[in-house]
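Dear colleague,

Please find the structure below, together with a short account of what was found in it.

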Amino acid sequence: MSHADASVSYLQEGRSVWGWLSTTDHKKIGIMYLYTILTFFILAGAAALLVRLELIAPGPTIVDQQVYNILMTFHGAAMVFLFIVPGIPATLGNILLPMMIGAKDVAFPRLNLMSYYVYLVGAMIALISLLSPADTGWTFYAPYSLKSGSLVIWLTLGAFVMGFASIMTGFNFIVTIHRMRCPGLTWNKLPLFIWAMYATSILQVLATPVVGMTLVMLIMERVLDIGIFNPAKGGDPILFESFFWFYSHPVVYIMILPGFGIIGEILPVFSRRPIFGYKAVAYSSLAIALVSFIVWGHHMFVSGMSDWSRWVFSFLTFFVAVPTAIKIFNWIMTLWKGSIHFEAPMLYALGFVFMFSIAGLTGIHLAVLVTDVQLHDTYFVVAHFHYTMQGGTVVALFAGLHYWFPMFTGRRYNEKMAFWGWLMLFIGFNLTFFPQFFLGMEGMPRRYFDYLPQFQTWHAISTVGSWLNGGSYIFILGHLLYAAFRGEKAEQNPYQSLSLEWQTTAPPPTTNFAHTPTFPESIYDYGTMDDGHAGGHSQRKAG
Ligand code: HEM
Ligand SMILES: [Cu+2]
């Protein structure tokens, strides 16, 4: 492919502040999103570290009960609505999706920019609630959320507005995938990351309106006191829970499916093996998305629902395990007999497979009725969802940030520094959250400010781990930020990936490719390649 007329990279074009703020280039919008969500990630993480510090010993330690509730609510709500829901789709999804399918941009570039500003406005509205911070937890359960004296409405209004940003992104991606694939790219050749983004987008478009309506009803209830959820007026708080989880279960897949997509791209490249069971891995994303709509009741096993409905929800929940297990087994088969290169993206990917396996296995304990009744609202749940969201999604995001870093910055990070950051994260994370499984099994409830002395050992270990964990994020992000501006120049395709997004210059021109590319015959065909990895040119160039 010739790059003659595309020698100016997207980073060189429109470099002024206004150039960035008014850009319709999907790559720049992705990068703006990236800086924004990482800022919220650090703020929400800081709140978590304070919560953990408070829990280092029984009795009040650094804050009182009310501040504790506020910190925990801010942490949970910001992590979910500000950080991880936009998370991978708005950042790596925006940057990579058009490039991976050989398109110039997304289908609606201006809608893409608008989604960023809608998100930002929503985030600011949510932050207004900090003037009298909400203390309800991120789930806003009625009836307490109807009574709490805090500005919980602003937080829910912010979440409502941010929902539109999520819908816009999903809608944009669906149309882009349908209409803008380059010549030669049939559905059964779609990169796995695109399959994952496609399934995610369906969830974003179909599930988000439900939480939007739920939050509007909550707001109406508080402002007009109409009595949908208020039992004193004949309303039903359990109805709130059903509405809330009808969105919030699918939303966990909005969080994790993009992570699966990233892992599916990285494992074949770094084990020099074709992906095992491409179709199964691809379609399992859709299967997970569809099943996720009918399992929300597993969050409500102890809320007083009928035995019959508990059986049904428990039974249905197991169906999510099938496509998920298909993915994990196929990833492991991909590694089998591979020649594995332990560079940073692969280390993160392997960390993901390990930690997500723990998340999946412990999820089964929560899907089974008898064990859930014991474990419900204990630290077992806290450990389980942090293994999913942090050990899973956050680690996948970091895997992707390292992997595609040379492509979108044109520079290299330092491999040694990346290794130390990964190691710190891996040890810190497991030290923080593994002990919480024991806490939960011993009966320590979640969201509690205080606890009995017998729980202290595990809590103290967890707190020490959390500070190592938090430190690792500062280290990793600091290193990547430094490398983005000061790192050595990258060669075009340092990992010799066969995927389309690597076949253009690094960093790419604004139009992504100099000419409309043709999609390669197969992008996961590594088994047939020789094993030369670092340095040199890729065996195959598109063109
Ligand atoms: C340094 C990393 C993190 C640490 C140390 C941490 C720690 C904590 C702690 C101590 C709690 C309170 C548990 C309780 O008392 O029930 C909590 C709750 C929570 N965390 Fe994290 N967390 C971290 C990262 C994350 C990430 C990346 C997410 C991603 C979505 C997340 C989502 C949540 C949610 C949703 C809650 C529940 C809040 C609620 O119940 O209202 N956390 N976390
Ligand atoms: Cu669920």
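Which residues does Phe352 touch, not counting residues up to four places away in sequence? Phe352 touches Ile256, Gly259, Phe260, Ile263, Trp331, Ser357, Gly391, Gly392, Thr393, Val395 and Ala396, where contact means heavy atoms within 4.5 Å.

Please note that this is a predicted model, in which local features need pLDDT of at least 70 and side-chain atom pairs count only at pLDDT 80 or more, whereas totals for chains, interfaces and linings use all residues. Residues are numbered from 1 along each chain as its sequence is written, and side-chain values use heavy atoms, with hydrogens and water left out.

Phe352 is also among the residues with the most contacts inside the largest nonpolar core, alongside Trp331, Phe398 and Trp404. This core has 172 residues; a nonpolar core is a set of buried Ala, Val, Leu, Ile, Met, Phe, Trp, Tyr and Cys residues joined through side-chain atoms within 4.5 Å, and buried means under 20% relative accessible area (1.4 Å probe, protein chains only). Helix H14 (residues 379-409) supplies the largest share of the core, 19 residues; helices are DSSP runs of H or I with at least four residues, numbered from the N terminus.

Thr334 lies in helix H11 (residues 307-335) and is buried, at 0% relative accessibility. The side chain of Thr334 reaches the backbone oxygen of Asn330 at 2.7 Å. Beyond its neighbours within four places in sequence, Thr334 is in contact with Leu267, Pro268, Ser271, Arg273, Pro274, Ile275 and Phe276.

By contrast, Leu224, in helix H8 (residues 192-224), is exposed (over 50%), with a relative accessible area of 55%.

Yours sincerely

How values were computed:
Chains lettered and ligands numbered in written order. Helix = DSSP H or I, 4+ residues; strand = E, 2+ residues; numbered from the N terminus. Polar contact = N/O pair within 3.5 Å; in protein donor to acceptor, adjacent residues only side chain to side chain.
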